[in-house]
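Hi,

Here is the structure I promised to pass on to you.

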Amino acid sequence: MHSFDDFRAIVKADEPLAPHVWFRLGGPASYMARPGTLEELLGLLRRCRSEEIPFKILSGGSNVLIRDEGVKALVIHLESPAFSDVAVRDNVVEAGAAVPLTALISQTARAGLGGLEFLTGIPGTVGGALRGNAGDRQGAIGQLVLRATVIDASDEVQVRERDDLSFADRASNLDEPVILSAEFELEKADPEAVVRRMRRIWIVKKENQPYGHQSSGCIFKNPSPDLSAGMLIEQAGLKGAKVGGAEVSDRHANFIVAHPGASANDVLQLIDQIRQRVWQQFGYELELQIQIW
Ligand SMILES: Cc1cc2nc3c(=O)[nH]c(=O)nc-3n(C[C@H](O)[C@H](O)[C@H](O)COP(=O)(O)OP(=O)(O)OC[C@H]3O[C@@H](n4cnc5c(N)ncnc54)[C@H](O)[C@@H]3O)c2cc1C
């Protein structure tokens with residue numbers, strides 16, 4: 001047991017994580033913290049470093065599957081207003097890591113700026129989206145980033161400029177422990193036209209993805225830009241395949257949905273089955289897009 005007595009107001013022991021992730025599955029965190037200021041966050045990180053306590057950052061929880069046994073670490077939930085500011089200057093918007101993508105797109109649209117609409121329908125926050133370079137076939141968040149403010153492995157706040165950043169398919173080199181905020185370069189746009197584009201994108205996404213269910217988006221990365229993991233899973237005849245309460249979505253084969261009574265273990269077993277079948281039938285080793293904690 002570690003002692004977080006001096007952080008009593010913001011750290012809880014044995015805290016359930018399922019309510020904080022989109023899958024709504026999995027066990028508790030040994031400790032969970034909700035820092036309300038940058039100083040509190042830095043204090044927690046220093047404590048973790050000096051006492052060698054493992055920690056993880058949780059934001060929107062839309063890309064994480066928690067194992068049933070839970071997480072033996074301090075889970076730091078970034079959600080407070082201190083990490084949720086949005087400021088617009090000309091065609092540049094600066095957003096805190098905890099800002100939900102939907103809020104960012106609508107606030108910039110109101111300010112007459114466009115360019116982020118392709119992120120419509122992607123749950124999660126600026127921090128989570130930057131870590132995994134969220135996006136779709138139309139683009140990814142990394143292409144709009146001017147600079148990002150992070151906390152590095154020595155607990156120092158640093159600014160990383162565009163030239164120093166690289167983004168790839170659902171991946172980025174923003175690998176510091178914490179992303180605090182980022183600036184995005186957008187273009188002037190008619191707010192109504194932006195909202196119309198958002199609506200169109202939302203209609204298409206809702207038709208093709210199982211939004212009404214507990215899921216965590218795409219489970220696997222696409223093997224290549226022109227070969228989708230969903231298509232391979234579908235062609236392997238796995239749409240509708242089930243383990244316990246976990247099922248391969250019949251709407252989008254790269255989604256697993258969790259029905260009432262499902263466990264994280266059901267999802268993990270289904271993931272194994274999908275990987276084995278796709279490997280046996282097509283010779284592709286599917287790589288995970290979701291994080292498993
Ligand atoms: C219905 C649905 C549809 C989806 N559609 C898409 C899609 O079209 N395209 C797409 O790319 N994704 C999609 N996703 C996946 C997910 O929404 C994105 O990956 C999202 O960007 C994750 O953000 P988050 O805040 O929820 O991150 P979390 O799930 O909280 O965390 C994800 C990872 O990022 C790390 N992280 C989070 N915040 C920070 C931070 N501030 N600093 C450092 N590390 C951090 C976490 O430690 C973790 O490793 C979908 C998910 C769902 C449920």
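Let me start with where the ligand sits: domain 1 (5–81) and domain 2 (84–207) both give residues to the shell around the ligand, so the ligand lies between them. The domain bounds come from an automatic or database domain assignment.

Two points on the basis of all this. This is a predicted model, where local features need pLDDT of at least 70 and side-chain atom pairs count only at pLDDT 80 or more, while totals for chains, interfaces and linings use all residues. Residues are numbered from 1 along each chain as its sequence is written, and side-chain values use heavy atoms, with hydrogens and water left out.

There are 34 residues around the ligand, and Ile 57, Ser 59, Ser 62, Pro 123 and Thr 125 come nearest (near means that a heavy atom of the residue lies within 4 Å). By class, the shell has 16 nonpolar, 15 polar and three charged residues (Ala, Val, Leu, Ile, Met, Phe, Trp, Tyr, Cys and Pro count as nonpolar, Asp, Glu, Lys and Arg as charged, and the others, Gly among them, as polar). Helix α3 gives the largest share of the shell, four residues (helices are DSSP runs of H or I with at least four residues, numbered from the N terminus).

As for polar contacts (pairs of N or O atoms within 3.5 Å), a ligand nitrogen is 2.8 Å from a polar backbone atom of Gly 135.

Best wishes

Conventions
Polar contact = N/O pair within 3.5 Å; in protein donor to acceptor, adjacent residues only side chain to side chain. Helix = DSSP H or I, 4+ residues; strand = E, 2+ residues; numbered from the N terminus.
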